[in-house]
Amino acid sequence: MALKGNLRDFSTTQLLNLINLARKTGTLTIQDEDAQPNATACMSFKEGKLIYAHTGDESNNLAKILETTGKLTAEQARVIQTKAKGTNNKQLGYLLIQAGLVTQQDITQSVRHYILEVVYKLFTWTEGLFRFDANELPADHQITISIDLESVIMEGSRRLKEWEILQEELPDLDVALKFTDRPDARLQNINLTVEEWRVVSFVNPRNTIKQIAKANNLSDFEIRRIVYGMLQAGLVEFSRSVKTAVSPSQATAPTTKPQDTRQPIEQQPPAVKRSIVVRLIDRIRGI
Amino acid sequence: MQAVKMVITGPFSAGKTRFIGTISEIDVVSTERRITTSAEQIKDNTTVAMDFGRITVDDDLVLYLFGTPGQRRFDFMWDILSQGMLGFVVMIDSTKPETFREAKRILETFESYASTPYVIAANKQDMEDAWEPEDLRIILRLDSSIKILPCIAGNKESVKNVLLELLYSILEQIDQQEAQNQTD
């Protein structure tokens with residue numbers, strides 16, 4: 001009989017502890033009660049070790065995973081996803097290694113990262129129906145990695161605490177950011193991670209934090225952590241207003257990233273108007 | 001507030017940071033010297049020095065200048081920075097012929113990212129052993145339509161000239177596109 005319940009009564013941490021201690025084999029499925037299409041997550045275990053996880057959306061496609069970890073460019077991932085439609089992850093991994101696009105290590109590291117991100121996200125779920133189906137394992141064509149649950153539980157718990165703080169500090173992701181008007185001397189020594197660089201390149205009063213996260217495939221947790229760090233460093237600050245009226249011709253985005261259709265993410269306006277360039281010329285002439 | 005972006009790229013130590021610092025109204029520059037050279041490979045926790053400046057046009061418009069990390073091992077950042085740029089400047093240290101090939105490679109990489117206008121800034125023209133811009137054109141096999149501008153990164157007028165020439169090229173491209181649209 002499957003283990004069933006609700007995260008209200010039995011947290012993700014407790015579930016993982018149980019699976020670890022009882023050295024269980026099977027798949028744990030958690031479904032958000034709001035029942036959004038992508039609000040389902042599955043984690044598979046073999047003798048108490050985490051071997052696979054994915055969410056209900058299609059983000060577990062290997063090309064997508066490799067793009068997220070920067071092993072493939074967005075364009076490469078897009079082409080591969082189109083051309084290799086119907087190819088399973090194991091076959092695709094083999095083909096990519098043969099083509100010299102990635103190494104086996106790239107694949108295992110990226111899949112591991114993907115699995116862990118799915119699981120860490122679940123630590124923040126406070127409600128949701130769960131069900132553990134013993135001996136049910138992922139299909140053979142999925143790439144599995146064996147990960148000790150002890151370290152996952154420790155890191156998940158740490159993130160949960162951090163998440164609670166970040167949620168309190170940054171409750172609203174529908175606000176935009178801008179670079180600080182008067183940066184102080186601390187910025188002289190600022191160094192940014194790759195993810196932070198990605199976020200920086202989208203900082204614009206027209207882009208909400210949520211949109212920046214979506215454009216960069218960042219979870220709420222990740223974007224909150226990055227933005228919080230930048231706010232603390234004095235690099236960015238909240239923009240008072242977000243202009244929502246962006247005409248389709250002006251609305252732009254990195255061509256390879258997903259977009260929010262309500263208000264397209266705008267990194268910069270590529271269809272720059274002549275008047276803007278003229279204003280820039282006038283300004284630089286006057287410096 | 002609308003923000004537009006230009007990218008200043010080029011090999012390591014070509015003068016990008018100085019170029020941005022000369023014209024930027026804010027002092028937000030972290031030099032490449034702070035990047036550790038010991039790391040052999042890019043790791044997830046690798047940090048990259050930041051290089052950007054700002055020119056406020058008015059209450060509604062601001063121009064950001066983003067400098068790219070010069071070392072080859074940070075070229076994964078270029079794609080990120082190039083997204084949405086208005087145009088780019090390729091800085092070349094005219095006194096270091098050993099970096100010319102790298103400059104060409106960077107130029108070709110950025111060209112592949114976007115069809116935005118660009119100019120070449122032949123930096124350090126105040127140095128005795130600097131190559132002439134037209135010599136650079138020949139050695140880099142650059143088409144005559146590409147602007148190669150003499151530059152001294154620490155000189156404001158020189159930097160202004162480079163940016164203005166880039167903006168003129170952008171303006172020209174806009175006009176050509178508009179003319180094309182009218183023809184269509």
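Start by selecting Arg137(B) and Glu134(B): they form a salt bridge, with the closest N and O atoms 2.9 Å apart (a side-chain nitrogen of Lys or Arg within 4 Å of a carboxyl oxygen of Asp or Glu). Both sit in helix 4 (residues 133–139) of chain B, 3 residues apart, about one turn of the helix; helices here are DSSP runs of H or I with at least four residues, strands are E runs of at least two, and numbering goes from the N terminus. Arg137(B) counts as buried because its relative accessibility is 13%, while Glu134(B), at 43%, is partly exposed (buried is under 20% relative accessible area, exposed over 50%, partly exposed in between, with a 1.4 Å probe and protein chains only).

A word on ground rules: this is a predicted model, where local features need pLDDT of at least 70 and side-chain atom pairs count only at pLDDT 80 or more, while totals for chains, interfaces and linings use all residues. Residues count from 1 along each chain as its sequence is written, chains are lettered from A and ligands numbered from 1 in the order written, and side-chain values use heavy atoms, leaving out hydrogens and water.

Next, hop to Arg159(A) and Glu155(A), bridged at 3.0 Å between the closest N and O atoms. Both are in helix 6 (residues 149–169) of chain A, 4 residues apart. Arg159(A) is buried, at 10%.

Now pick Lys178(A) and Glu237(A), whose closest N and O atoms are 3.6 Å apart in a salt bridge. This pair links distant parts of the chain, strand 6 (residues 176–179) and strand 8 (residues 236–239) of chain A, 59 residues apart.
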